[in-house]
Every structure is written in structure tokens, then in C-alpha cells.
Amino acid sequence: MAVPARQNTPSGAVESAWYVVWVQAPAHVKRVEGASYDDVPTTYLTPPSRAVRDVLGPRRPTGWVLQQLDASGFDRGVLHAPDCDEAPEGALLLKLERALDAAEKVGVRLCSLCGAAQELEPLLSGFDRGFNPDN
């Protein structure tokens, strides 16, 4: 799906541009009752080339893992990506919503080694945090 957007040029001007995103139906979108989609253009993405796969490596597994810590202390758990070196072996994979629920509990922190903190913090505190001058 492409949406009209604007971008800055190296000279500092602003020009029209297209922002293209991959939308997987029906996971990302749902039909609007009574609307016709016959004229909606679609372009199927080609799989990444072998060179791209070789450079990027395998995709990271989806989900999150909660490492339970000693319940008597303040630190109760750490949320990790499943491929994090610090994640416990064989731990239950949490979907995003369950991971966010766990992250909001007192004493649970987000791992900064695997990127859990960088990926989940904006979802917990809101994306516009840092962009609003009142915050």
C-alpha cells in the first residue's frame, strides 16, 4: 500500500514522495461493508534476493520471553526477545499484548541487550512522547 507523503531533499526543500508499506490482509486490515475494492491497485512484493538474505541473516523469531527472577526482591522479571542470549531456555513465548501486560507489572524490566526496551518502550509510554514540547 502506498500513501502520499512529503520528504526533505538534501538541499532542504520539501517534495512529494510515496511511502510504501506492506499490508497483509486480513491480518492488518479488514473490509469495509459495502465498499468496492475492484479498482484498488495491488503490487505483490518479490521475495528478498539471496544476497539480501545473506547480508541480513535469518529473521528474528516473533514474540517475547519473560525471565522470572527471585520473587522476594524488587526485580521480579526481565522481558527478552526469544533469541536473546539472556533469555531462559524453553520459556513460554508471549504475544505482544501479553508481553505489554507483563512489562507494566511492578518489578519487571525490559532487556536492553536484545532490543526489547527499544521496541516495547514506545508502546508502553506512547509514540508521541518526546515529540510533544509539554512532555
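Guide: Let us begin with two terms: helices (H or I, at least four residues) and strands (E, at least two) are DSSP runs, numbered from the N terminus, and two strands pair if DSSP finds at least two bridges between them. This is a predicted model, in which local features need pLDDT of at least 70, side-chain atom pairs count only at pLDDT 80 or more, and totals for chains, interfaces and linings use all residues. Residues are numbered from 1 along each chain as its sequence is written, and side-chain values use heavy atoms, with hydrogens and water left out.

Visitor: Which strands form the sheet, and in what order?
Guide: The sheet is open and has four strands in the order β5-β3-β4-β6, with mixed pairing. β5 and β6 (108-110) stand at the edges with a single partner strand each, so one side of each has no neighbour in the sheet.

Visitor: How many bridges join β3 to β5?
Guide: Two bridges join β3 (residues 64-68) to β5 (residues 93-94), and these strands run antiparallel. Tryptophan 64 is the residue opposite leucine 94 of β5.

Visitor: And in what sense do β3 and β4 pair?
Guide: β3 pairs with β4 (residues 77-80) in the antiparallel sense, over four bridges. Leucine 66 has leucine 79 of β4 as its bridge partner, while glutamine 67 has valine 78.

Visitor: What about β4 and β6: parallel or antiparallel?
Guide: β4 and β6 pair in the parallel sense, over three bridges. Here valine 78 stands opposite arginine 109 in β6.

Visitor: Let us turn to the helices. Which residues of α2 are buried, and which are exposed?
Guide: In α2 (residues 96-103), Ala99, Leu100, Ala102 and Ala103 are buried. These residues lie on the same side of α2 because they cover an arc of only 160 degrees around the axis (the arc of the directions from the helix axis to the C-beta atoms). On the other side of α2, Glu97 and Arg98 are exposed.

Visitor: What covers the buried residues of α2?
Guide: The cover includes β3, β4, β5, β6 and α3. Contact here means heavy atoms within 4.5 Å.

Visitor: Which residues touch the most other members of the largest nonpolar core?
Guide: They are Trp64, Leu79, Cys111, Cys114 and Leu120, in a core of 16 residues. A nonpolar core is a set of buried Ala, Val, Leu, Ile, Met, Phe, Trp, Tyr and Cys residues joined through side-chain atoms within 4.5 Å. At least two residues of this core come from each of β3, β4, α2 and α3, and α2 gives the most, with three. Leaving aside neighbours within four places in sequence, leucine 120 is in contact with Trp64, Leu79, Leu96, Leu100 and Leu110.

Visitor: How many disulfides are there?
Guide: A search of the whole structure finds zero disulfides, a disulfide being a pair of cysteine sulfur atoms within 2.5 Å. For cysteine 84, the closest cysteine sulfur is that of cysteine 111, at 3.9 Å, which is too far for a bond. Cysteine 111 is likewise in no disulfide, and its nearest cysteine sulfur, in cysteine 114, is 3.8 Å away.

Visitor: Is cysteine 84 buried or exposed?
Guide: Cysteine 84 counts as buried, at 9% relative accessibility. Cysteine 111 also counts as buried, at 5%.

How values were computed:
Buried means under 20% relative accessible area, exposed over 50%, partly exposed in between (1.4 Å probe, protein chains only).
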